[in-house]
Amino acid sequence: MQPQWIKTEHHKANYETFHYVPGAIASGRFAFISGQLGVEEDSSVSDDATTQIARAFANLGEIIKAIPASPRDVVDITTYHVGLREHYWLVSTEKKKFFGDWDPAWTAIGITELGIEGLILEIRAVVLLPSIA
């Protein structure tokens with residue numbers, strides 16, 4: 001079975017330039033979401049950490065909605081941080097706003113840099129697809 005690629009208008013330019021696909025549905029039961037960044041639709045990156053982190057979660061939400069699924073279907077996230085100790089609580093706060101009382105498994109990894117200057121966070125996720133009745 002071939003995977004089904006998840007694409008959105010927001011990611012169209014990245015797909016055309018870098019062949020970046022924001023996610024894939026595999027075996028009809030799971031969706032794997034590529035790393036979502038705190039990049040605005042105009043490709044700008046905020047200098048404000050909270051704004052950038054909130055944008056990364058908003059971008060994740062856009063892909064989840066395109067599946068279609070909801071944040072409560074996310075079973076695992078991995079976050080990659082430039083400045084893990086500095087931004088951990090900001091990410092934790094935005095994660096709580098995004099997921100509410102839902103707590104997917106979470107691994108936070110400190111790294112030295114991301115692909116675009118100034119980025120501090122990338123979020124990868126695994127979604128358990130809602131049952132189709």
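Read along the sequence, this protein chain runs β-α-β-β-α-β-α-β-β, giving 3 helices and 6 strands. Helices here are DSSP runs of H or I with at least four residues, strands are runs of E with at least two, and both are numbered from the N terminus. The model is predicted, so local features need pLDDT of at least 70 and side-chain atom pairs count only at pLDDT 80 or more, while totals for chains, interfaces and linings use all residues. Residues are numbered from 1 along each chain as its sequence is written, and side-chain values use heavy atoms, with hydrogens and water left out.

Now the core. Of the 133 residues in the chain, 38% are buried, meaning under 20% relative accessible area with a 1.4 Å probe, protein chains only. The largest nonpolar core has 21 residues; such a core is a set of buried Ala, Val, Leu, Ile, Met, Phe, Trp, Tyr and Cys joined through side-chain atoms within 4.5 Å. Ile33 and Val127 touch the most other members. At least two residues each come from β3 (30-37), α2, β4 (74-82), α3 and β6 (121-128). The biggest contributor is α2, with 7 residues.

Next, α2 against α3. The axes of α2 (residues 49-66) and α3 (residues 84-99) come within 10 Å and cross at roughly 35°. Those axes are lines fitted to C-alpha atoms over the stretch in contact, and the angle, on a scale from 0 to 180 degrees, is between N-to-C directions. Which residues in α2 and α3 meet? On the α2 side they include Ile53, Phe57 and Ile64, and on the α3 side Leu90, Val91 and Phe98, with contact meaning heavy atoms within 4.5 Å.

Terms used: Buried means under 20% relative accessible area, exposed over 50%, partly exposed in between (1.4 Å probe, protein chains only).
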